[in-house]
Every structure is written in C-alpha cells, then in structure tokens.
Amino acid sequence: MGDYALVIGSINYDIILCQKRLPRAGETYVVDGVRCAGGGKGANQAVQCAKLGLPVRMAGLIGPDPMGEQILQDMNAFGVDTSLVQRCAVQTGMGIIHTLEDGTVYASISSGANAMADTAYLSAISEYIRDAQIVLLQMEIPQETNERIIEAAFAAGVPIILNAAPAASISKEALCKVDYFIVNETEASYYSGVKVSDLETAKSAAPILLEMIRGSLIITLGANGSLLGDQSGDQHWIQPQKIKDVVDTTGAGDSYIGAFAYCKINHMDDLDACVFASRAAGLTVGGMGAQASMPRLINGKISV
C-alpha cells in the first residue's frame, strides 16, 4: 500500500461573483466584484488534504484550454500531485458561484471534461487505486465510473470515502461497500426519503442511511454542526465552530472531507476526526473562495 490519499473526481474553473442579492428574472444585475479560482469538489478536497501536509494524488480530467492549465498550476502550488490528471478534447469543467453578503452561496456547474472520466480513463489509474491509503470520491463524474472505482478499492481493501454530492442515483451494490458516507442535508434527504433540515431530522434519517453502507455516516448540517453515526447505532453531534465573520461558504464541505481524510490516515477515531474537520470547515468560510481559504497545519495547529 502506498503512502498517499487518492482523490478521483471533478476539476472545475470557478468564477465567483460577489453580490448583495440574486438578480430577478429578466434583470441585468451589476455585481460588486468577481474573482476566478480553481474548484470542483474533487480538486477542492485534494487541496485541503495537501494543505494539511497529507501526500495526495488528484485523478481527473481537464480540457485543452488555459483554464485547465491554471487549475493545474494552482493545485501544484498547494502541493497536490497532479500527474494522474489527463487532458481531453472537451473544455474544462466550470462553476459559476454567486456569493451573497451573508456568505450564502448559489452555484451552477458545467461538467465539461469531468463527464469524460469514463471506464477507459479508470483503467489508466487502476494501479493507483490499489496502492492508495484511502480513496475519496464525489458525484461530479459519471456514476458508472464511481461504482467501478468503489468495486476496485473494496477488492483491494482500500477504505472509501464517498461524498455523495450532488445527490444522484448510485447502485446499492456500490453503496454497501462504502466505509465513510458523507452528505449534507439535501443529500441526506435524497437518499433517506426523510426531509432533513436540522439535527433532529438528521437523527431520524441516519439509521436509514446506515443500512445502505458498511461503515460510518456523517451528515453535515452547516451552522448546526454535523452528525456522526456508526453501525452500532451510536450517534454523536459535533458542535459547529464559532465563526465571527462568514465571508463565503464555498468549499466548506470539501474542507471538512479533506480534513477528515487527513485524520483517518493519521489513525484518529471517527469522532475526533469529525471535530478536527469541523474546525477546518469553520476556518474555510472566513475567506473568499474555496482552495485559497482552506487552512494549513502550522506548528501542529490548524490555521489559515
């Protein structure tokens, strides 16, 4: 087994619009500012792993355009090994992020090259799946590919973190091989059939979700913290971090997952890992953009 985390997933170029409100139908609205940055749930999670000092390889696809090259440069600068990232003829994935003054985020994405992460691409990285210490997946690449990756990792005895975001159909056969299933309220609602909006409804949904997987469940609840559940039926509420000024919630969930992966590779138990991950996500929302705002480990302490 190797000494790295393997993130397989989306790589996007994000255009972040800072504005007081969303435009109304038919309205041309002038925003307060704009910035561009690397994004995509896969790339974001890889960057958070790297910023905490964890060796991490990113696997995914970009297009033949300057945006893809810029994202690669940014990930490399953060310490991510991008040698498994391939180029294809389709444009790089893109995200349009509307960030309001209170930190609320609305996002739309174009899959672009991410949709080309097919089973042929999977064959090129199969040996790296078998050698990884942990595999991180999201739902912004084709689900057939995700399912094949889960099968390969499970067969090799490699722990699997599945961030089922955005929510999409995935086979029961794949889900039952997942070690760590991480979802937010919307995704928990989709998979459980229970409307999850707070801690109590999350507790109701948890047993249903745990029946689908082999390992632990984490439901992230934003300002309400997160809920950890395990196969014994135990549930633990992780309090949210106190945040003085929320600037931008983009990437907070990805920060949580990257930090959780760091903890598991470093042999922390699930509860301590969730507490650490919550701290990382809380620091991330204090800055603009996802990757640049994610914290590092400085002298053994997590800090921006």
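Biologist: Which way do Ile 134, Val 135, Leu 136 and Leu 137 point from strand E9?

Modeller: Ile 134 and Leu 136 point one way, and Val 135 and Leu 137 point the other way. All are buried. Buried means under 20% relative accessible area, exposed means over 50%, and partly exposed lies in between (1.4 Å probe, protein chains only). The model is predicted: local features need pLDDT of at least 70, side-chain atom pairs count only at pLDDT 80 or more, and totals for chains, interfaces and linings use all residues. Residues are numbered from 1 along each chain as its sequence is written, and side-chain values use heavy atoms, without hydrogens and water.

Biologist: How do you know that E1 and E9 pair?

Modeller: Strands pair if DSSP finds at least two bridges between them. E1 and E9 have four, so they pair. They run parallel. Ala 5 has Ile 134 in E9 as its bridge partner. Helices (H or I, at least four residues) and strands (E, at least two) are themselves DSSP runs, numbered from the N terminus.

Biologist: What makes a set of residues a nonpolar core?

Modeller: Its members are buried Ala, Val, Leu, Ile, Met, Phe, Trp, Tyr and Cys residues, joined through side-chain atoms within 4.5 Å. Here the largest core has 48 residues. Met 75, Leu 136, Ile 161 and Phe 260 have the most contacts inside it. Helix H8 (252-265) is one of the elements that give two or more residues to this core. H8 gives the most, with nine residues.

Biologist: Which residues does Ile 161 touch?

Modeller: Among them are Leu 136, Tyr 180, Ile 257 and Phe 260, leaving out residues up to four places away in sequence. Contact means heavy atoms within 4.5 Å.

Biologist: Why are E3 and E8 called edge strands?

Modeller: Four strands form an open, mixed sheet in the order E3-E2-E7-E8. E3 (33-39) and E8 (105-110) each have a single partner strand, so one side of each lacks a neighbour in the sheet.

Biologist: What makes Glu 151 and Lys 177 a salt bridge?

Modeller: A side-chain nitrogen of Lys or Arg must lie within 4 Å of a carboxyl oxygen of Asp or Glu. Their N to O distance is 3.6 Å, so the pair passes.

Biologist: Is Lys 177 buried or exposed?

Modeller: Lys 177 has 14% relative accessibility, which is under 20%, so it counts as buried. Glu 151 has 36%, so it is partly exposed.

Biologist: How many salt bridges are there by this rule?

Modeller: The count is nine. In one of them, Glu 27 meets Arg 21 at 2.7 Å, N to O. Another joins Lys 203 and Glu 200 at 3.9 Å, so that pair is also within 4 Å. Lys 203 and Glu 200 are three residues apart in helix H7 (199-210), which means about one helical turn. Glu 200 has 51% relative accessible area, over 50%, so it is exposed.
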